[in-house]
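This briefing goes through one structure by topic, for a reader who has the coordinates at hand. Please read the points below alongside the displayed model.

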Amino acid sequence: MTLAIETNALTRRFGNLCAVDSLDLRVERSKFYGFLGPNGAGKSTTIKILTGLLAPTHGSMRILGETMDGSEKTLEIKRRIGVVPENLALFDNLRAREYLTFIGRMYLLPISTVRERCQELLTMMNLENEEKKLVIEYSHGMKKKLALAAALIPNPDLLFLDEPFEGVDAVSSRVSHRYGWLMAREPWHREIPGQRSGIQRLHS
Ligand SMILES: Nc1ncnc2c1ncn2[C@@H]1O[C@H](COP(=O)(O)OP(=O)(O)OP(=O)(O)O)[C@@H](O)[C@H]1O
Ligand SMILES: [Mg+2]
C-alpha cells in the first residue's frame, strides 16, 4: 500500500542552523499522525517542506505516492492536500462564507459543491451565527476554525495541521477531532474509501 508520507534523509538548513536533520518519516494512509517536539524543534519547517512551501536542502519525499520535486505532478498533489499553517493567512475583509467560497474556487471546485461544503463546514465549526462579521472581527479561535474549514473545503486526501487546536474551545476541538477521524476512515464527498490521512503538530 502506498504511504501518505515518506521522507528520506529530509534536511533543511538556514545558514548554519540545521532546522530539520535527516528526517526519515513514514506515515500510512488512513491514520492520524501526531508530530511532537519542543519549540524550535523543526516541526513547522517540516510541514512547510511536506506541503511544498519550502524546498529541502537535502533529501527526498513522496507525498501520496508521488515524488514532490517541483514537477507538474507536484501541483496535482498540492490539490489533494489541505493545510492549516502556523501563521494563518486569512483575508480580513471577507466574511467566512466569502472566504471559503474563494478557497473552493481556487481549488477549481464547482460552485454547487462549494456552496454545499461551505454550509456543512460553517455548521460543523459553529460559525453560522457569525455570518455578518468580517474575518478581522473574529476572535483567535474563530479564525483558527475558519482556517480549518478552508483546509477541508477541497476534501483533501491528506491534511496537515500545525497546532490545530491552539485557541479553539473544547467543544469545537472535539468536533473537529472526531471529524478528522471520520475523514481518515470514511469517504466524504469524493469516494476513495479509507485513503485519507492527517498529520498534526501538537505541543509537547
Ligand atoms: N525562515 C527561517 N529563517 C531562519 N531560521 C528559521 C526560519 N524558519 C525557522 N527557522 C529556525 O528553524 C528552527 C525550527 O523552527 P520551526 O519553526 O520549524 O520550529 P517548531 O518546531 O515549529 O517550533 P514551535 O513549537 O515554536 O512552533 C528554529 O531554530 C527557527 O529559528
Ligand atoms: Mg511551529
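Helix H5 (140–152) is largely enclosed by the rest of the structure, because 10 of its 13 residues are buried. The model is a predicted one, and every value below is computed from it.

- With 13 residues, H5 reaches 19 Å from its first C-alpha to its last, which is close to the 18 Å expected at 1.5 Å a residue.
- The largest nonpolar core has 38 residues, and those touching the most other members are Ile63, Leu100, Leu121, Leu146, Ala149, Ala150 and Ala151.
- At least two residues of this core come from each of strand E1 (5–14), H1, strand E5 (58–63), E7, helix H3 (96–106), helix H4 (111–124), H5 and E8, and H5 gives the most, with eight residues.
- In soluble globular proteins, nonpolar side chains tend to be buried together.
- Leaving aside residues up to four places away in sequence, Leu121 touches Leu100, Ala149, Leu152 and Ile153.

**Strand E8 and its pairing**

- Strand E8 (158–162) has five of its five residues buried, and it is therefore largely enclosed by the rest of the structure.
- Both faces of E8 are covered, with Leu158, Phe160 and Asp162 buried on one side and Leu159 and Leu161 buried on the other.
- In a regular strand the side chains alternate between the two faces of the sheet.
- Strand E7 (residues 81–84) runs parallel to E8 and is joined to it by four bridges, and within E8 the bridge partner of Val84 is Leu161.

**Loops on either side of E8**

- Asn155 is found in the loop between H5 and E8, where its phi is near 55°, a positive value in a residue other than glycine.
- Asn155 counts as buried because it has 20 C-beta neighbours inside 10 Å.
- Gly167 lies in the loop between E8 and helix H6 (170–185), and it is partly exposed, with 13 other C-beta atoms within 10 Å.
- Not counting residues up to four places away in sequence, Gly167 touches His140, Gly141 and Lys144, while its C-alpha atom is separated by 9.4 Å from that of Lys143, 24 residues apart along the chain.

**Ligand 1 and strand E2**

- The residues that surround ligand 1 are Phe14, Leu17, Ala19, Gly37, Asn39, Gly40, Ala41, Gly42, Lys43, Ser44, Thr45 and Glu86, and by class they comprise four nonpolar, six polar and two charged residues.
- Strand E2 (17–23) and helix H1 (43–50) each supply at least two residues of this shell, and the largest share, three residues, comes from H1.
- Ser22, found in strand E2, has a phi near 50°, which is a positive value in a residue other than glycine.
- Ser22 counts as exposed because it has 12 C-beta neighbours inside 10 Å.
- Most residues other than glycine have a negative phi.

Conventions. Residues numbered from 1 in each chain as written. Chains lettered and ligands numbered in written order. Predicted model: local features only at pLDDT ≥ 70, side-chain atom pairs only at ≥ 80, totals over all residues. Near = placed C-beta within 6 Å. Nonpolar A, V, L, I, M, F, W, Y, C, P; charged D, E, K, R; others polar. Contact = placed C-beta atoms within 7 Å. Pairing = 2+ DSSP bridges. Expected span 1.5 Å × (residues − 1). Core = buried A, V, L, I, M, F, W, Y, C linked by C-beta atoms within 7 Å.
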